[in-house]
Amino acid sequence: MMGAFALQTVDTELTADSVEWCPLQGCRHLLACGTYQLRRPEDPPADPQSKGRMEVEEPRVRLGRLFLYNFNENNSTHPLVEVQRKDTSAILDMKWCHIPVAGHALLGLADASGSIQLLRLVESEKSHVLEPLSSLALEEQCLALSLDWSTGKTGRARDQPLKIISSDSTGQLHLLMVNETAPRLQKVASWQAHQFEAWIAAFDYWHTEIVYSGGDDGLLRGWDTRVPGRFLFTSKRHTMGVCSIQSSPHWEHVLATGSYDEHILLWDTRNMKQPLADTPVQGGVWRIKWHPFHHHLLLAACMHSGFKILNCQKAMGEWGPVAAGPQVAHAAEWLSQRSQHRTPAWATEPDSVSKKKKVCNIKCIISATLSGNLVLLKTFKATAATTRDCGVNPEEADSTFSLLATCSFYDHALHLWEWEGNGA
C-alpha cells in the first residue's frame, strides 16, 4: 500500500531549485533550500526624445536566497519553521558534506557568480544558523553549475583527503581540496570536459579518484583525477544533455544518470559500453540520488513530469550485497539491523496525533524515473525532492515511512510530504 500526504507548502518567494536535509546525527531536522531568480531589467519609460537612439540593454541579474528550516514534528500544522534566510548569488546546486569537519556540518553551494561557497552550521539561541566559512571563484565569467563531496559513502579511510568536484557553464571541471583543520578551499586541478555547459559532476564514492561528468553536448564521461584532462571513457548513450549523475552509496560499481532526453540509465561502472537499464521518464532528469536506507529506491525529479520514487531492485539484483567489512555503507548496516515488523514511531503517540504528521526516516534525494527493469512506485508533482533520517534509532524505525521535501521551480514553493510505501 502506498500513499503521499501533503503536510505543508512554503512560499520561497524566489524560484526554488535545490533542497537538502542535513545528514549528520543531531542535525537531521534541518533543511536547506536554495533559490534562483533571473531578474530582467525593467522596460525603459516611454520617451519620445529617445526615439532613434540606440538603447543599451542592462545585464540580467541572477538573484538567490538560501533558507534554513527546522523540522518540528510536534507542530502538526506547520512543522517546517524558517530559522534563517540569506541573500546570495543565484544557487545552482548545494550539498551537505556527509561527515563533520572540524566539529561542524558544512554546506557547499555552487552559485551564479562562478564560486563554490562553504558555510558552517553553528548553534544559535533557538536552533542553528549557517555562517560563511570559505569561498573560491572557479573561473571568471562562468556559472558554477554543480558540486559533489567525496564523502558519499560511509567508511571513509582516515587518510582519505576531503575533496569537492565542481562543474561550470564553460564546460570545465574543477577539483578542490578542503583543508579540514581550518576549513578552506584550494583548487587542485581544472580541465575542459565538455564542449558546452558541464551540467553535472559527481564522485565515484567507492573510488574517489574517479569522477563522472555530464554536459550539454550529450556526453557522459569518466575521469581519473590523478591524470586530469584525460578521460577514461566517453558515452554517447544519452541523446541530449546529461544533467544528473549519482554513484550509489550502497552498491559498488552502480551508477545512475539522467538527461534532458527524458531517460534514466543504470550502469555497471566496470562496463560502460551499455547500460543495465534504460527508462523513459516523460521529463528532463534534473537530479538523481539514492535513498539513504533502502538501497534499491531512487527518488527522481524530472522537471515538468514531477518527481517519482523508483524501485531498482530487479536491475541491481545481479550484483548482490556489497561485501562486508569497513567499506560497507552505514546505510546498509542500518538496514540489516532494522526489524521489518517494528511498530511505526507514530503508532506509539496518543490518538490525537495524526499518523500523517509523523515521520520515521528521511534523506535528501533528487532524481528522475525508470521503467522496464525498474519499477515505478509513486509519482508526485515537483521538480526537486528529498527524504531524510529524522534521527530515530534504526531498530525503532519503520523505514517504509519517509518524509519528502520537494521544491517546484515554477511556482516558487517548497512542499513537505509524508510518503507511506512498501520499501521491499
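**Exercise 1. What volume does the second largest pocket have? Then describe its lining.**

Before we start: this is a predicted model, where local features need pLDDT of at least 70, side-chain atom pairs count only at pLDDT 80 or more, and totals for chains, interfaces and linings use all residues. Residues are numbered from 1 along each chain as its sequence is written, and side-chain values use heavy atoms, with hydrogens and water left out.

*Step 1.* On a 1 Å grid over the protein atoms alone, a cavity is a set of points where a 1.4 Å probe fits but cannot get out, while a pocket is an open set with protein on both sides within 12 Å along at least five of seven lines; lining residues have an atom within 4 Å of a point. Grid points are joined across faces, edges and corners, and the volume is the space filled by probe spheres set on them.

*Step 2.* Read off the volume: the second largest pocket has about 450 Å³.

*Step 3.* Look at who lines this pocket. There are 17 lining residues, and Asp17, Leu92, Tyr260, Trp286 and Phe409 are the closest to the centre.

*Step 4.* Find the elements (strands are DSSP runs of E, at least two residues, numbered from the N terminus). Strand S2 (15–21) and strand S3 (30–39) each give two or more residues to this lining, and S3 gives the most, with three.

*Step 5.* Sort the lining by type. Ala, Val, Leu, Ile, Met, Phe, Trp, Tyr, Cys and Pro count as nonpolar, Asp, Glu, Lys and Arg as charged, and the others, Gly among them, as polar.

**Exercise 2. How many cavities of 30 Å³ or more does the structure hold? Describe the largest.**

*Step 1.* The count is four.

*Step 2.* The largest cavity holds about 80 Å³ of space. It has 13 lining residues, with Lys95, Ile200, Ile245, Ile288 and Lys289 closest to its centre.

*Step 3.* Strands S10 (144–149), S14 (200–203), S18 (242–247) and S22 (287–290) each give two or more residues to that lining.

*Step 4.* By type, the lining of the largest cavity has eight nonpolar, one polar and four charged residues.

**Exercise 3. Which residues do ring pairs link into a cluster with Trp223?**

*Step 1.* Rings of Phe, Tyr and Trp (its six-membered ring) pair if their centres lie within 6.5 Å; planes under 30 degrees apart are stacked, over 60 edge-to-face, the rest tilted. Seven aromatic pairs pass this rule.

*Step 2.* Trp191 and Trp223 make a tilted pair, 5.9 Å centre to centre with 55° between the planes. Trp191 sits in strand S13 (residues 185–192) and Trp223 in strand S16 (residues 220–224), 32 residues apart.

*Step 3.* Trp223 is buried at 1%. Its ring centre is 5.9 Å from that of Phe231 and the planes meet at 90°, so this pair is edge-to-face.

*Step 4.* Put together, the cluster is Trp191, Trp223 and Phe231.

Terms used:
Helix = DSSP H or I, 4+ residues; strand = E, 2+ residues; numbered from the N terminus. Buried < 20%, exposed > 50% of the residue type's maximum accessible area, 1.4 Å probe, protein only.
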